[in-house]
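This report describes selected helices of one protein model and the residues that line their contacts. Please keep the sequence and the structure in view while reading.

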Amino acid sequence: MPEEQIRLAVIVGSVREGRLGPTVAEWFAGRARRHESLDVDVVDLAETPLPMVMPRFGTAPAAEAARALGVLTSRLARADAFVVVTPEYNHSFPASLKNAIDWHDRQWHAKPVGFISYGGISGGLRAVEQLRLVFAELHAVTIRDTVSFHGARRNFDDKGEPINPQGCDGAAKVLLDQLTWWARTLREGRTARPYVT
């Protein structure tokens, strides 16, 4: 009997006009879809905008937020694993990404999170280091190996494909192999013993 597919949510963290995030995310999603064991869902935060004002603890969100959450929360809850695609803004990650993370809690628990970053000389790696701290607080397991694009816009052609695919394809394979192992292992663990915080 074949194993159940791993449900992978690839999250586009930037909502800025002219962003490179969707290009990077679609490139990676294409590589992930080659794995028969993965069911890939690209979650673009620009298409699921959440308000910046949150309700008081223990109270229901406003109608506008509830509508947006109705779409996003179910997709995150359904996922067995996540890959966050993030640029680096001012040595950190975008506010839109932190906002989406903060609107949620148990959706991240005991699930693996991988990272693809892009930016200038640092390739977005400083954003990833800070995201590791955030996801640790949310009881998620972050994958050590990342995919990083330095001088990102020069790395993709006008069709959205990497100009030099060998290095990034190899890094994507390592990330996907590790992420799949953790996703399967943690899902089996959550099924056998519900995760308690």
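In which helix does proline 165 lie? Proline 165 lies in helix H5, where helices (H or I, at least four residues) and strands (E, at least two) are DSSP runs, numbered from the N terminus. The model is predicted, so local features need pLDDT of at least 70 and side-chain atom pairs count only at pLDDT 80 or more, whereas totals for chains, interfaces and linings use all residues. Residues are numbered from 1 along each chain as its sequence is written, and side-chain values use heavy atoms, with hydrogens and water left out.

**Two helices and their spans**

The expected span of a helix is 1.5 Å times one less than its number of residues.

| Helix | Residues | Number of residues | Expected span | Span between end C-alpha atoms |
|---|---|---|---|---|
| H5 | 165-192 | 28 residues | 40 Å | 40 Å |

Leu69 is itself buried, as are Ala65, Ala68, Leu72, Thr73 and Leu76. The buried residues of H2 pack against strands E1 (6-12), E2 (38-44) and E3 (81-87) and against helix H3 (95-102).

**Helix H3 and its neighbours**

Two packed helices are described by the angle between their axes and the distance between the axes. H3 and helix H4 (residues 125-137) pack at about 10 degrees, with axes 11 Å apart; axes are lines fitted to C-alpha atoms, for helices over the stretch in contact, and angles run from 0 to 180 degrees between N-to-C directions. H3 and H4 are therefore roughly parallel to each other, a term for angles under 35 degrees. Leu97, Lys98 and Ile101 in H3 meet Leu131, Val134 and Phe135 in H4, where contact means heavy atoms within 4.5 Å.

Asparagine 99 is also found in H3. This asparagine 99 is buried, with a relative accessible area of 8%. Not counting residues up to four places away in sequence, asparagine 99 touches Leu50, Pro51, Met52 and Met54.

Technical notes: Buried < 20%, exposed > 50% of the residue type's maximum accessible area, 1.4 Å probe, protein only. Parallel < 35°, antiparallel > 145°, perpendicular 65-115°, else oblique.
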